[in-house]
Amino acid sequence: MSWIVLVISGVLEAVWATALGKSDGLSRLGPSVVFFTALAASMAGLAYAMRELPVGTSYAVWVGIGAVLTVLYAMATGGEPVSVLKVVFLAAIVGGVIGLKLIH
């Protein structure tokens with residue numbers, strides 16, 4: 001169950017990171033509410049997962065999922081350019097996350 005919660009928390013990290021960018025310095029109400037809500041849920045999920053999983057592994061997986069999804073969303077919406085090397089390096093992060101799961 002901890003791994004499932006950790007993955008969901010990583011997805012929520014991408015949500016709050018994206019919402020923070022859209023909030024214009026927390027000056028727009030809608031994205032700011034999404035930011036704070038997703039941030040709280042993401043941190044709570046990370047804390048829950050850390051009760052059973054090592055801190056380093058939990059944090060690396062959480063950040064990796066959040067970072068990859070944030071960049072993929074930005075590329076899909078035109079906010080960030082797509083390049084072959086960027087996709088390769090994102091795949092390396094995904095591979096690292098999977099590797100951490102396999103060795104745990």
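So, at what angle do helix α1 and helix α2 pack, and how far apart are their axes? Before I answer, some housekeeping: this is a predicted model, where local features need pLDDT of at least 70, side-chain atom pairs count only at pLDDT 80 or more, and totals for chains, interfaces and linings use all residues. Residues are numbered from 1 along each chain as its sequence is written, and side-chain values use heavy atoms, with hydrogens and water left out.

Okay, the answer. Helix α1 covers residues 2–22 and helix α2 covers residues 29–49; they pack at about 155°, and their axes are 7 Å apart. Helices here are DSSP runs of H or I, at least four residues, numbered from the N terminus. Axes are lines fitted to C-alpha atoms over the stretch in contact, with angles from 0 to 180 degrees between N-to-C directions. That angle makes α1 roughly antiparallel to α2, a label for angles over 145 degrees. Their crossing is left-handed, so the near helix is turned anticlockwise from the far one by less than a right angle.

Who's touching whom? On the α1 side, the residues include Leu 6, Ser 9 and Trp 16, and they meet α2 residues including Phe 35, Ser 42 and Leu 46. Contact means heavy atoms within 4.5 Å. By class, the residues of this contact are 16 nonpolar, four polar and two charged. Nonpolar covers Ala, Val, Leu, Ile, Met, Phe, Trp, Tyr, Cys and Pro; charged is Asp, Glu, Lys and Arg; the others, Gly among them, are polar.

Let's stop at Ser 9, in helix α1. Is Ser 9 buried or exposed? Buried, with a relative accessible area of 2%; the cut-off is under 20%, using a 1.4 Å probe and protein chains only. Its side chain reaches the backbone nitrogen of Leu 46 at 3.4 Å. Leaving aside neighbours within four places in sequence, Ser 9 also has Trp 62 among its contacts.

Next pair: α2 and helix α3, residues 55–76, pack at about 150° with axes 9 Å apart. Ser 42, Met 43, Leu 46 and Ala 49 in α2 meet Ser 58, Tyr 59 and Trp 62 in α3. That contact has five nonpolar, two polar and no charged residues.

Last stop, Met 75, also in α3. Met 75 counts as buried, at 11% relative accessibility. Beyond its neighbours within four places in sequence, its contacts include Pro 81, Val 87 and Leu 90.

Definitions and conventions
Helices (H or I, at least four residues) and strands (E, at least two) are DSSP runs, numbered from the N terminus. Angles under 35 degrees count as roughly parallel, over 145 as roughly antiparallel, 65 to 115 as roughly perpendicular and the rest as oblique. Buried means under 20% relative accessible area, exposed over 50%, partly exposed in between (1.4 Å probe, protein chains only). A polar contact is a pair of N or O atoms within 3.5 Å; within protein, one must be able to donate a hydrogen and the other to accept it, and residues adjacent in sequence count only if both atoms are side-chain atoms.
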